[in-house]
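Let's ask what its labels mean and where they come from.

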Amino acid sequence: MDVFLEVTNLIFIFVGLYFAILFLFLFFGHEKKIFKKPRIKKFPSVSIIIPAYNEEKTIAKTVEAVKKMIYPRKKEIIVIDDGCKDKTYEIAKKIRGIKVLRKKRGGKASALNWGLKKAKGEIFVCIDSDSYPDKNALMNSIPLFEKNIASVTTTVIVRNTQTLIEKLQQLEYIFIAWSRKVLEYLNSIYVTPGPMSLYKRKVLLEIGGFDEKNMTEDIEIAWRLMSHKYKIKMALDAKVSTYVPSNIKKWWHQRIRWNVGGMQTFFKYYHLFLSKEIKNLGMFLIPLFSLSYGLSILGLIFLFYLTFNLSRYLIGVYSFGFSLIGPIYFIPNLFWFFGFISIIFSLIYLRTNIKTMNNVTDFPKSILHFIFYLFVYTLIFPFNLLHSSIKFLKKSYEW
Amino acid sequence: MRDVFLKTTILTIAIFIAGFLFGIYVERMGLEDVKQRLTEIDNLWNDARLLQSNIQKFSKNITNYCDYLLDENLKIGDKIYEEGIKVERQGESNRFVLSEFILEKRRYALLDLQFWVNSIELRELCNANYSTVIFFYSHFDELAEQVFQGRVLWDLKQKCGPNIIYITFPMDLDISTLNVIKEIYNIQKIPAILINETVLLESPVSMTELEKYLKC
C-alpha cells in the first residue's frame, strides 16, 4: 500500500475512533437519565404552526395527528398557506378548531415568521405539513423546557419504508436521533429539524425569528440560538414520523439543499471559530464541521485514487494478460490491529445505538441494509457534498 | 465537559500507541520468521551444494546422478521461490524494521544468486531442458509496470511449473555481483527479464511474448 493510502487510513481511523469513544463516553455518562424528564408544575400554552405549500394530499392527516396530541391545555393550531396553488387551503379550512391563514409565497422560513407574529402560545411548535407527530410528542418534549432551554427537538422517524433508499434513510434517521441526544450533553445540537421542533416564542422573537435567506432555516436557527448562549435539548421519546425522498434523484436534491444550507450557516457563524465565549460553536461545532468537510474531501480523493489504482490494475490485467487474483498471504501489521479495534468500537457503538433506539422505534432487522448503509450509502455523501459545494460557490441553488 | 474530551483524547492516543507497539512487535516477529526461513533454506542449500560437489568428486560418472541432482535442485528452487514470495509480502507490510529487513533481503538475493549459478551449471552438466527466467526489479521504487510484470511472471511460473526456474533480483540493494551482472548484460532499465542468460527483454512483456522464448 502506498503512503497516501496509509496516511489517509490512519487519519480516518484516528478521527473515527476519537468520535466513537467521545460519543460512547457521553452516552454512558448519562445513560440512566436519557429518558428522564423534570416534573412540570404548570404546562405552558402552545401554538402549533404548520406551514404548507401544495400539500393537499397530506395536510388533513397532519392536522388530525396534531389535534390528537395529548396536552392538558388548549392547543392553538395554525396552518399557514404559503401561496399554495392546489387545494391545501380549502381542505384545511374545512377542519374544525384550527386557524388557516393565507399569505403570498415566501418560503418556509417566511411562513414560520408569519406564524410567529400571529401565534399567542408561550411555546412555538413547528410541524411540517407532511409530518405526523405521535400523540405523546408534546407531553414528552414540553417538560424539557427548563430555564435557558430555548428549543427542544424530537425524534424524526421515517414513515415510508418501501424502497431501498427509504429503508436506508430509516436507519440514518434513527442514528441521527441517537447522535443528537448525545450531542445534547455537549450543548451542540446543530439542527432543530423541520418535521417537529419546539421553541420558546419569546426567545424566537428576541433573536429575530427564522432566517428567510437560508436554505435550511432549521439549521440556522439552531446555530443562532447557540450563538445567543441558549441551549437546545433533545426529547428522544417524542416522535414524529415524516415522508422521506422515495428515489435517489429526490434524495440527491434534498441533500444538496441541506448541504448548501449548512454551508450558508457555517460561513455566517464562522467568525466564532475558536471563540471561547460561545464554546459549543467555537470550540466544537465549527471545528467539527470544518474537520468533517475536510475529511469528506479527503475521502473523495481517497476514493478517486483507489478507483484510479483499480482501473490501472484492470487495464494491466487486460493488456498484460495476467490473472485477476495473485498470490494471497496474510501478514499481520499495525493495520490489522486498527482494523480489529475499529470493528470492536463500531459494534459497541451500533449495539448501544440499537439498544437505546429500540425503546423508541422499531429498528430495521435486515443485516443487509446495515451493510449497504455502512459501505455504500455513506460513500455517496462525499459526492453529494462536492456537488453541493459547486452549487454553493456558483450560488445556483433554490428550494 | 473538558473532562470527557481529555479522557477521549487520552484513550484514543493510548489505542494508537498500542497499535504502533503491536505493529512493531508483529514486524519483529515477522523479521525473526524471515531470518529463520532463510537459515533453513541456507542449510538446505549447503546440503545440496555439498551433495553435488561430493558426487562430482567421488563419482566416476556424474550423469548417473543427474535425475537426483536435478530433482534436489528443483525442490530447493521451489522452496526458495515460495519463501521469496513470503519475504516480498513481509517486506511490503513492514513499516518499522526496514533497515534490518533489507539485510535479510540481501541475504535472500545472495541465496538466489547461488541457486541461479547452480541451476546453470546443472543444466549444462546434465543436459537438462528447463529454462531460467530472471526478473530484475527495484526494491525501492514499486512501479505499476513492475508489479504487473511480476504478476505475469507469477502466472508463467504457475503455468510452466518445473519447466522454468524463476528467480527475482532487487537491483538497488547494492549487491556487487548484481552490479556486475547489470554491466555484463547491459541492463539499462529495470524492470527487465533475462531468459536463459541470452535474451534480455525490457518490461512490459506479455505472457504470449515470453512463451516464445521458453519451453513451457
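This is a predicted model: local features need pLDDT of at least 70, side-chain atom pairs count only at pLDDT 80 or more; totals for chains, interfaces and linings use all residues.

Residues are numbered from 1 along each chain as its sequence is written, and chains are lettered from A and ligands numbered from 1 in the order in which they are written.

Q: Why is H1(A) called oblique to H1(B)?
A: The axes of helix H1 (residues 3-30) of chain A and helix H1 (residues 2-58) of chain B cross at roughly 135° and come within 9 Å. Angles run from 0 to 180 degrees between N-to-C directions, with axes being lines fitted to C-alpha atoms, for helices over the stretch in contact. Under 35 degrees counts as roughly parallel, over 145 as roughly antiparallel, 65 to 115 as roughly perpendicular and the rest as oblique. So H1(A) is oblique to H1(B).

Q: Which residues make the contact of H1(A) with H1(B)?
A: Among them are A:Phe14, A:Leu17 and A:Tyr18 of H1(A), and B:Val4, B:Lys7 and B:Thr8 of H1(B). Two residues are in contact if their C-beta atoms, placed from the backbone, lie within 7 Å.

Q: What classes of residue does that helix contact have?
A: The contact of H1(A) with H1(B) has eleven nonpolar, three polar and one charged residues. Here Ala, Val, Leu, Ile, Met, Phe, Trp, Tyr, Cys and Pro count as nonpolar, Asp, Glu, Lys and Arg as charged, and the others, Gly among them, as polar.

Q: How many residues does each chain put into the contact?
A: Chain A gives 25 residues and chain B gives 30 residues. On the side of chain A that touches chain B, H1(A) gives the most, with eight residues. That side of chain A divides into 18 nonpolar, six polar and one charged.

Q: What makes S3 and S5 of chain A edge strands?
A: Eight strands of chain A form an open sheet in the order S3-S2-S1-S4-S7-S6-S8-S5, with mixed pairing. Strand S3 (99-103) and strand S5 (131-133) each pair on one side only. Two strands pair if DSSP finds at least two bridges between them.

Q: How do you know that S1 and S4 of chain A pair?
A: Four bridges join strand S1 (residues 46-52) to strand S4 (residues 123-127), and the two run parallel. A:Ile49, for one, stands opposite A:Cys126 in S4(A).
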